2 protein chains.
Amino acid sequence: VIIVGEKINSSIHSIKEAIEKKDYGYIIELAKKQYEAGASYIDVNAGAFIGNEAEILKEMIKQIQVQVDVPLSIDSSNPDVIKEAMSIYKGKNALYNSITYDDKVLDKAIPVIKEYDMSVITLLMENNQIPESAEKRLEVAKRMVDKLNTEGVALNRIFIDPMVQPLSVDKAFVDIALDTIKKLKEYFVDVNIICGLSNISYGLPSRKWINRAFLVLAIYYGLNSAILNPLDTTLIKMIWACEALAGVDEYCLEYIAKAREGLLD
Amino acid sequence: VIIVGEKINSSIHSIKEAIEKKDYGYIIELAKKQYEAGASYIDVNAGAFIGNEAEILKEMIKQIQVQVDVPLSIDSSNPDVIKEAMSIYKGKNALYNSITYDDKVLDKAIPVIKEYDMSVITLLMENNQIPESAEKRLEVAKRMVDKLNTEGVALNRIFIDPMVQPLSVDKAFVDIALDTIKKLKEYFVDVNIICGLSNISYGLPSRKWINRAFLVLAIYYGLNSAILNPLDTTLIKMIWACEALAGVDEYCLEYIAKAREGLLD
């Protein structure tokens with residue numbers, strides 16, 4: 001599973017505070033810790049700072065890139081903000097988080113993705129709406145992958161988000177998300193399937209157990225990437241076990257190796 | 001999930017030793033602990049003691065029933081042993097663990113099940129073989145449920161075991177077991193679906209993580225009972241989370257209640 005570390009997000013109180021106090025040491029430390037825990041990308045989000053979102057994103061990127069050699073996931077719903085943030089980004093490996101199938105978004109986002117050779121997370125939303133059924137979500141995915149591929153984005157740099165909605169609102173959201181993952185997995189080769197894991201547990205207490213159980217299901221259905229907390233060691237061990245069960249980890253070789261290293265006690 | 005506590009099994013070294021030393025205090029303590037942890041049945045197995053299996057089972061049953069008021073799962077492949085053990089069992093709630101679709105077994109087991117009004121675990125095996133495909137296993141299940149029901153065993157007292165075989169031998173065993181659970185769940189109403197959880201991780205190191213991840217999948221596919229270690233608190237929390245995700249725990253009411261009690265930290 002390709003992990004995007006979720007912890008540097010301005011919607012989290014301690015992060016917002018650190019940004020306000022310009023305590024970048026705290027943020028850099030969190031980037032390092034997530035990287036060491038196995039994150040392939042570190043998400044950076046400054047969406048809570050309306051008006052100076054781009055400026056703060058740039059500062060976070062600068063500070064992190066001096067200290068930690070890990071690709072970043074540039075997290076904003078505003079393409080202009082991502083464009084400005086990318087102007088100071090070092091490297092060709094950033095992740096655009098995220099686009100939707102809306103002309104206003106795509107017209108601005110695609111030139112940025114191409115100019116900076118970015119990977120991209122695409123939500124299965126069209127005209128600001130989430131299609132209800134898995135079938136309709138697959139249709140949006142097909143059009144989106146076509147579009148991105150035509151623009152020169154390689155399939156293995158596309159991350160499709162099936163749209164995980166809260167269990168607390170409707171139990172059917174669990175089944176629809178898993179069914180969408182299954183259909184995406186059956187249809188596409190090479191394209192990645194990602195989700196923002198904590199969306200499933202929104203509105204519930206003790207969210208981490210719901211997140212852990214849902215991730216097991218999602219991996220078995222074909223998810224190969226997730227935005228999550230890599231510092232949750234129980235979650236990471238569940239991922240390794242599920243990769244073995246799903247056959248992603250062939251012959252359980254990785255699982256056995258981790259066990260030998262004492263990482264599965 | 002209806003839990004059958006697996007820990008009093010003579011194949012476990014410490015249990016074998018306790019039996020040899022006639023240290024029934026240890027065994028009674030384990031029965032109590034498993035009951036307090038939520039087990040609906042406590043399995044008792046003396047299969048390691050060839051020749052005096054029945055005698056030891058009877059002693060364990062006697063000792064446990066004086067101290068702990070919980071139904072027992074009488075675990076033996078030999079119907080004569082179970083018959084003898086049941087002669088001293090108090091109550092009408094024991095679980096026969098287990099039968100297969102073999103005339104030699106059924107001819108002896110069914111009279112015992114009827115005489116002592118037992119619930120019963122039935123393995124999906126016929127003529128000592130496990131059918132390869134989920135379809136064939138469903139066929140065995142249909143015939144078995146028919147047979148038991150004709151003999152007067154109520155549907156809700158039948159526990160069907162889909163036969164979980166080791167991931168370490170073949171990854172396909174995971175898919176076949178889950179597919180069998182799904183088909184059983186679709187076909188039967190009221191009948192329970194159970195498995196011996198640890199079979200999935202046989203031959204692998206750090207088995208508990210594989211067990212935990214597999215149980216999440218099995219519950220989502222329709223399993224409603226398992227023979228497992230109820231003292232594994234991480235496993236129990238994963239069960240509660242998965243029951244919420246699977247909709248067994250409607251509106252997550254149980255999950256929210258457990259969280260309020262501080263049981264999901």
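1. Let me start with a salt bridge inside chain A: A:Glu84 pairs with A:Lys58, with the closest N and O atoms 3.4 Å apart. (A salt bridge here is a side-chain nitrogen of Lys or Arg within 4 Å of a carboxyl oxygen of Asp or Glu.) A:Glu84 sits in helix 4 (residues 79-86) of chain A and A:Lys58 in helix 3 (residues 53-67) of chain A, so the pair ties together parts that are 26 residues apart in sequence. Over all chains, the structure holds 22 salt bridges.

2. Some ground rules. This is a predicted model, where local features need pLDDT of at least 70, side-chain atom pairs count only at pLDDT 80 or more, and totals for chains, interfaces and linings use all residues. Residues are numbered from 1 along each chain as its sequence is written, chains are lettered from A and ligands numbered from 1 in the order in which they are written, and side-chain values use heavy atoms, with hydrogens and water left out. Helices (H or I, at least four residues) and strands (E, at least two) are DSSP runs, numbered from the N terminus.

3. Now the interface. Chain A and chain B bury about 3000 Å² between them, 77% of it on carbon and sulfur atoms; buried area is the accessible area (1.4 Å probe) that two parts lose on being put together, summed over both. A:Trp209, A:Tyr220 and A:Leu245 supply 26% of the area that chain A buries against chain B, more than any other three residues.

4. How many salt bridges are there between chain A and chain B? The count is zero. On the side of chain A that touches chain B, helix 7 (172-187), helix 8 (207-221), helix 9 and helix 10 (253-260) of chain A each supply at least two residues. The largest share, 10 residues, comes from helix 8 of chain A.

5. Helix 9 (residues 233-246) of chain A packs on helix 8 (residues 207-221) of chain B at an angle of about 75 degrees, with their axes 8 Å apart. Axes are lines fitted to C-alpha atoms, for helices over the stretch in contact, and angles run from 0 to 180 degrees between N-to-C directions. These two helices are therefore roughly perpendicular to each other (65 to 115 degrees).

6. A cis peptide bond joins A:Asn97 and A:Ser98, with omega about 15 degrees, and A:Ser98 lies in strand 4 (residues 95-101) of chain A. A:Cys252, in the loop between helix 9 and helix 10 of chain A, has a positive phi of about 60 degrees although it is not a glycine.

Note on methods
Parallel < 35°, antiparallel > 145°, perpendicular 65-115°, else oblique.
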